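Here are my notes on the model you sent over. Have a look at the structure first, then go through the points below.

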Amino acid sequence: MGRFDGRVAVITGAARGIGFGIAQRFASEGASIAVLDLDEAAAQEAAGRLELTEGARAVGIACDVVDGAAAEAAVQRVVDELGGIHVLVNNAGVTRDNLLFKMTEEDWDIVMGVHLKGVFNMTKAAQSRFVEQKYGKILNLSSVSALGNRGQANYSAAKMGIQGLTRTLGIELGPFGINANAIAPGFIATEMTDATARRLKMEPEELQRLNAEATPVRRVGQPEDIAAAAAFLCSDEASFVTGQTLYVDGGRKLG
């Protein structure tokens, strides 16, 4: 028996990185998976790579989470094709890093749109189904950058906003059998952090080494580390946990 047998999980931005890691973990524990991504071909390819348990299914769906109508249509398609929705993981993200005096309005708006409006749109679409069935798990991806990070005024503000939104969702949706929590990852080795290294004119391995040395557990995180925490927070074992943000960063922000 898997923790997610008979459940349907929707993960945004799940074609790669942390999102795909979460999708694979949930699939291994029995869930049917909807992989949502801007790129439909990438979403479908990722869904096809998932190792599903017997009876579970996976679909790849194109969705621009910034578009409320698109979010609603994606959730309805999940319900129609997979038979319901029980878990929503808001993972879709983007960075437009720059120092404040160089940051453009477009840089600000894109990051705020994907992270905050995207979470709002997807959660609003899912919660109507959750309320009706008196059951639902919402997990939002924040970041240690919410505590402040040079060159990320937009990203830091959006990620801290997600924590406030998560607390409010816990208050509003708890009476309807819905749990809402967040995870704030530290440095996780993904394609996104590899791209960050190249912007800084260094090899990804060097950036990982530097971050590992600055982390108490002396390693960087992997998508599987976030997926393990996500599996707990989205399971019935965490039914008395809501409105919380769990920092999964190897102790990086302890001192």
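1. Starting with burial: 51% of the 255 residues in the protein count as buried. Keep in mind throughout that this is a predicted model.

2. On the overall build, the protein has 8 helices and 7 strands. Its radius of gyration comes out at 17 Å, close to the 18 Å that the globule rule gives for 255 residues, so the protein is as compact as a globular protein of that length. If you want a box for it, the C-alpha atoms fill roughly 45 × 35 × 35 Å along the principal axes.

3. The contacts are worth a look too. Counting those in the protein with a separation of 6 or more, 73% are between residues 24 or more positions apart.

4. Now the inside. In soluble globular proteins, nonpolar side chains tend to be buried together. Here the largest nonpolar core has 33 residues, and the ones touching the most other members are Ile22, Phe26, Ile33, Val89 and Ile183. Several elements give two or more residues to this core: among the strands, strand 1 (8–12), strand 2 (32–37), strand 4 (87–90) and strand 5 (136–141); among the helices, helix 1 (17–28), helix 2 (40–49) and helix 8 (223–233).

5. Apart from that core lies another one, of 24 residues, including Val75, Leu88, Phe130 and Ala180.

6. Lys201 is not a glycine, yet its phi is positive, near 60 degrees. You'll find Lys201 in the loop between helix 6 (191–199) and helix 7 (204–213), and the residue is exposed, with a relative accessible area of 77%.

7. The other is Arg218, again a residue other than glycine with a positive phi, of about 60 degrees. Arg218 sits in the loop between helix 7 and helix 8. Is Arg218 buried or exposed? At 57% relative accessibility, Arg218 counts as exposed, because the cut-off for that is over 50%.

Methods:
Residues numbered from 1 in each chain as written. Predicted model: local features only at pLDDT ≥ 70, side-chain atom pairs only at ≥ 80, totals over all residues. Heavy atoms only, no water. Helix = DSSP H or I, 4+ residues; strand = E, 2+ residues; numbered from the N terminus. Rg over C-alpha atoms; globule rule 2.2 N^0.38 Å. Buried < 20%, exposed > 50% of the residue type's maximum accessible area, 1.4 Å probe, protein only. Contact = heavy atoms within 4.5 Å. Core = buried A, V, L, I, M, F, W, Y, C linked by side-chain atoms within 4.5 Å.
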